[in-house]
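This briefing concerns the protein shown below. It covers charge, fold, surface and model confidence in turn.

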Amino acid sequence: MSTIKRRPGRRPGSADTRGEILAAARKVFAEKGFDKATVRGIAREAKVDPALVHHYFDTKEGMFAAAMRLPITPDLVVSVLLDGPRVELGRRLVTMMLTVTGDPETREPMIALVRSAMTHEQSRVLFREFITNALLYRVADHLGIPHLRIEAAFSQMFGVIVARHVLRLEPMASAEPEELVELLAPTIQRYLTL
């Protein structure tokens, strides 16, 4: 009896392994939250080897961003925020948030997640864990900023995004991004300066 050896590489079956991993990730994130979801658990749900999950997604944060259809990854956000003088961190944060939400293609998935988090408990927990642990606390811990201060800065920007793109308050909704950067950056910087 001859034994057939399986060649390394893609598993047999569906051609959309990445899509199956994303579907499994959405399910696991929804059931367990961001903090308790693991790459191994997602791989088990997708019936693939964890190495295959890492092949498609470098990190759990990157997988979350893809699963939730977020337009940017936490690694990119963190690198943008940390790349530059600390005295300009507020300006970089405001500029980045206004840039990302200024383009409808990148704004819509983020606003959908915000709306979901405001009305659905499971989405709220998932959003909170992701924002705090994958983004805010990484920046805060790297720079030695107390978590309360970075959450205050984020809450200010969160309010601006909701006012501008959900409630569409005028003149906030139609204000030029540069005008908002000049208005908001000093306040955000104050939160981030010890």
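The protein carries 27 positive and 23 negative charges, whose mean positions lie 8 Å apart. Lys and Arg are counted as positive and Asp and Glu as negative, with His and the chain ends left out; each charge is placed at NZ of Lys, CZ of Arg, CG of Asp or CD of Glu.

**Basis of the model**
- This is a predicted model, in which local features need pLDDT of at least 70 and side-chain atom pairs count only at pLDDT 80 or more, while totals for chains, interfaces and linings use all residues.
- Residues are numbered from 1 along each chain as its sequence is written, and side-chain values use heavy atoms, without hydrogens and water.

**Fold**
- The protein has 10 helices and 0 strands, these being DSSP runs (helices: H or I, at least four residues; strands: E, at least two) numbered from the N terminus.
- Its C-alpha atoms fill a box of roughly 75 × 35 × 25 Å along the principal axes.
- Among contacts (heavy atoms within 4.5 Å) with a separation of 6 or more, 63% join residues 24 or more positions apart.

**Surface**
- The accessible surface is about 11200 Å², and carbon and sulfur atoms contribute 57% of that area; the areas come from the Shrake-Rupley method with a 1.4 Å probe, and for residues only the protein chains shown count as cover.

**Confidence**
- The mean pLDDT (the predictor's confidence in each residue, from 0 to 100) is 87, and 92% of the residues score at least 70.
- Over residues 6-13 the pLDDT is below 50, and this stretch has 10 contacts in the model beyond near neighbours in sequence.
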